[in-house]
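Reader: I would like a close look at a single part of this model, taken slowly and with the cut-offs spelled out.

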Amino acid sequence: MQEDYYGLLGVSREASADEIKKAYRKKAMEFHPDRNPGNKAAEEKFKQISRAYEVLSDEQKRKLYNQHGEAAFEQGGPGGPGGGGQRTYRGADPMDIFNQMFGGGGGGGFGDMFGGGGQSGETSGEDLRYEITLTLEEAATGISRKVTYRKHKACEKCTGSGAEPGSKKSRCPTCGGQGHVVRSNGFFQMRQVCPSCGGQGERIEKPCRGCAGEGRIVGDHSVDLRIPAGVDTGTRLRSSGNGSAGRRNGTAGDLYVEITVNDHELFERDGDDLACAVPVKFSIAALGGSIEVPKLKGKTILKIPAGTQGGTTFRLKGEGMPKLRGGASGDLLVRVDIDVPKKLTDAQRAALQAYADASNDGATPVADSWKHKFRRFFS
């Protein structure tokens, strides 16, 4: 009996496409044959989760599976010959699914996908990821930062060719110089990277001893990155060509910079808007006045109208964060918090008592509104 596809990936039947994709990536890395050499159980598990992902990642196949299970893809099943639908097949090659997911281009091993050894794959270099943490002020102004990281670089000895100086190259006899081979899987034909030349289409007489014929070695690399104003946590920037060098002068990958912006002690961010809470004395809130409020760049004076209630929010246009792709900046939202003193002098207490006696439950909009709701609730 076939194991449930959702159970294989460890997701619920209501899982989104993104959740299914993330689950497959995790499982595929765990059970990939290159990570489990000689482990037949892991190899079989890899095939099963690949088949599960192939079906559940396709909206139409997933709908058929939810209705009929694995029988939907059998000969004569609800979706197969004799079942009123188009011919379906038993599944694509698990390696093709894996390589399509991880950008390997087909045929490459686990080491190729993640910068290790393993069998040869595409000539293009791998994309890399680098994380940068910024303050809110840096995110508002944009910065330039020099970063250093490890990556594959072109071998200096062979200038990236992979061959010893003076060594001859010949056409690969396995693929005839095409760089790929085609194999049949029943009704279907699948193209894969040539296992003999790793997609190069040629063989080297004497591989370079400095890089073992790879045409690249691992080393430190530095690059000056320009982080634009307006980035936020989760922003992903691409630096073209600053990923790993390709094999034998293949195209270099890209560097993806992932941004994290630290929390700020005064401001909270909501998209391009900023918000802050400012304490206001009761006397100013009641009588009106002016208070000093912070901005990302300096400070400003905000007028408080008489009778301002706690929680009132004032909007300062254009004093928020700049937009990442240009345009008007966001706003600064200033929320008033009434600052009630914990200790009073005798003079202050007497003055407040005189105010309380004089007010005689006068016009107090918040209290009056609450009393109305209170009476209505108990009526």
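Author: H4 is followed by Gly69, whose phi is positive, near 70°. This is a predicted model, in which local features need pLDDT of at least 70 and side-chain atom pairs count only at pLDDT 80 or more, while totals for chains, interfaces and linings use all residues. Residues are numbered from 1 along each chain as its sequence is written, and side-chain values use heavy atoms, with hydrogens and water left out.

Helix H4 spans residues 59-68; helices here are DSSP runs of H or I with at least four residues, numbered from the N terminus.

Along the helix, Lys61, Arg62 and Tyr65 are the buried residues, where buried means under 20% relative accessible area and exposed over 50%, with partly exposed in between (1.4 Å probe, protein chains only). The buried residues of H4 pack against helix H1 (5-9), helix H2 (17-31) and helix H3 (40-56), contact being defined as heavy atoms within 4.5 Å. On the face turned away from the buried side, H4 carries the exposed residues Glu59, Gln60, Lys63 and Gln67.

Conventions:
Helices (H or I, at least four residues) and strands (E, at least two) are DSSP runs, numbered from the N terminus.
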